[in-house]
Amino acid sequence: MRYSRELAYDAAPDEVFAMLADPAFREKVAAAQQVVSVAVTATPAGTGVHLVIDQVQNTAGLPAIAKKIAGDTTQAVVREEWSGPASGTIEITAPGKPTRAAGTVTLVADGASTKHVVDLEVTVKVPLVGGKLEKLMTDNIDAGLSVEHSVGVAWLKGDR
């Protein structure tokens, strides 16, 4: 299932990249998402960064079919490989689960603002219900990006 989302920030691309590459920002987003636990590593890579966000999420509120696969909590590992401050790749996996989202992230200048674009292909390899679970996974990704955007807007205004 294809998923695409565009988020707008009132800041230059280099400021948005610096925010996205900052472990403290990613930890603040995780706290706002009420994850059970999170570990963030950011390793500089040339002009880019290699990010790993390893978090345990509560599955309360998920439909029974999803909870049957995920359990009471589920681990989500987000890997972002930014080749530079303008673009990179993203992969979201749940170790031991038949789910994966992979694609690209880009930052595009738009006047004095920046567009943060996330394009993903989401797959859940479960016979008969995979499509429904892919929709659920995209909904969860979308909700997570909404929280990240809210925290990011505040962060760029100095709320750190």
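Predicted model: local features only at pLDDT ≥ 70, side-chain atom pairs only at ≥ 80, totals over all residues.

Residues are numbered from 1 along each chain as its sequence is written, and side-chain values use heavy atoms, without hydrogens and water.

The largest pocket has a volume of about 1,100 Å³. A pocket here is an open set of points on a 1 Å grid over the protein atoms alone, where a 1.4 Å probe fits, with protein on both sides within 12 Å along at least five of seven lines; lining residues have an atom within 4 Å of a point. The volume is the space filled by probe spheres set on the points, which are joined across faces, edges and corners.

Of the 45 lining residues, Gln55, Gln57, Ala76, Asn140 and Ile141 are the closest to the centre of this pocket. Which element gives the largest share of the lining? That is α4, with 10 residues. Helices are DSSP runs of H or I, at least four residues, and strands are runs of E, at least two, numbered from the N terminus. By class, the lining has 27 nonpolar, 14 polar and 4 charged residues. Ala, Val, Leu, Ile, Met, Phe, Trp, Tyr, Cys and Pro count as nonpolar, Asp, Glu, Lys and Arg as charged, and the others, Gly among them, as polar.

I turn now to the helices. Residues of α2 that include Phe25 and Val29 meet residues of α4, among them Val151 and Trp155; contact means heavy atoms within 4.5 Å. The residues of this contact of α2 with α4 divide into 7 nonpolar, 1 polar and 3 charged.

Helix α1 also meets α4: Glu15, Val16, Met19 and Leu20 of α1 touch Glu148, Gly152, Trp155 and Leu156 of α4. This contact has 5 nonpolar, 1 polar and 2 charged residues.
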